[in-house]
Amino acid sequence: MNKTWLDNLGLEAPTTVDELYDVLVAFRDNDPNGNGQKDEIPYCVVGKDYPHRMFYDLLGSWGFGINGVMDSDYAFSWLDIDDAGNVRFIGREDKFKNMVEFYNKLWTEGLVDKESYSQDQTQAAAKVNAGQVGFVARAQNTQWMGAAAENYVQCPVLEGPYGDRALINVESNVQMTGVAVITTANKYPEATMRWLDYFYSEEGTVLCRLGIEGESYEVVDGKYQLLDNIKNNPDGLTLDQALGQWAIFPGGYLPQYITNEVDQSAAQLPETKAANDVVRDYVVPFETVPRVKFTEEESIKLGTYAQDIVNYATENVVKFITGEKSLSEWDAYVAELNNMPVEDYIKINQDAYDRWKG
């Protein structure tokens, strides 16, 4: 959230979703950037590739995802775990409808950037640096914002209308699977395994995350340190962009063993750690976040209809939020959803979740 705007209007960061609404209204109406123009964007979302970002960070404020979300590799499944340990499809729950109504209210009243569903991170960053944005739903990392990052602070985890308050935007300790495979065409599987195993050594992890000594990092008093051309890039690149010229870590999807000693990413920056401290007490426990595996038969079944279910829910919820579809049609949307193989979708994930629990 834009701390400069809060200070200019004499406001505190919100602690509930109702307070968030009030702050966004103040951002819209009271010229917080002080240029005499009504050009403020109270709430900005980077939703081009991930439409669920519009609401994902606030799911915990409506009680969803508190016991884990059945997502994998940034793909939103619309499934979470309820208090009884049962997998449920959140896109048809009454509480979820209430959240959609909240976002429709924000959209209708001009509190959300109308380009949220079509813009990428670069476009959003341009608006941030033009002094137009008050609140951004984009996790706890401000490095992508560039020079304007210093104006922004982490908003507290917000309490929702039913008393729920949790940050569910966390990943399993096993962040992803399928990073590497050995095919039947590989003539040297033992050598390949030695090569993969290398990346879990300190030397291999340093190569992955820090790059080349003398080019991207140095060792000072026995500690790894990124060079100044990475931390303060003369071409204006962010830390991850500059590091990405020498190391494969910023792109993700690699085998690695992460320790604080070798991690010189934006996660180690003081401002990132300070942001994490703000939300830490409400972060769902990592051990509750599942990373399930499906059998071959389950994978085949999911491949025939899971994406259709996800796309149907996503497209309709976007339409409900933006007003393209009236909320009076919610029951019809749920009825059509129930005509799809949602129950089988839930059962397959329930079986996989039960196996994961052991």
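Predicted model: local features only at pLDDT ≥ 70, side-chain atom pairs only at ≥ 80, totals over all residues.
Figure 1. N33 sits in the loop that links α2 (17–29) with β1 (41–45). Setting aside residues up to four places away in sequence, the residues that N33 touches are W5, D39, E40 and G131. With E40 there is also a polar contact, side chain to side chain, at 3.5 Å. Q132 is 99 residues from N33 along the chain, yet their C-alpha atoms are separated by 7.3 Å.

**Figure 2. T192 in helix α6.** Helix α6 spans residues 189–198 and includes T192. The relative accessibility of T192 is 18%, so T192 counts as buried; the cut-off for that class is under 20%. When neighbours within four places in sequence are left aside, T192 is in contact with I182 and N186.

Figure 3. What keeps C44 from forming a bond with the closest cysteine? The closest cysteine sulfur to that of C44 belongs to C155 and is 15 Å away, which is too far for a bond. A disulfide requires the two sulfur atoms to lie within 2.5 Å, and by this rule the count is 0 disulfides. C155 is likewise in no disulfide, its nearest cysteine sulfur being that of C44 at 15 Å. C155 counts as buried because its relative accessibility is 6%.

Methods:
Residues numbered from 1 in each chain as written. Heavy atoms only, no water. Helix = DSSP H or I, 4+ residues; strand = E, 2+ residues; numbered from the N terminus. Contact = heavy atoms within 4.5 Å. Polar contact = N/O pair within 3.5 Å; in protein donor to acceptor, adjacent residues only side chain to side chain. Buried < 20%, exposed > 50% of the residue type's maximum accessible area, 1.4 Å probe, protein only.
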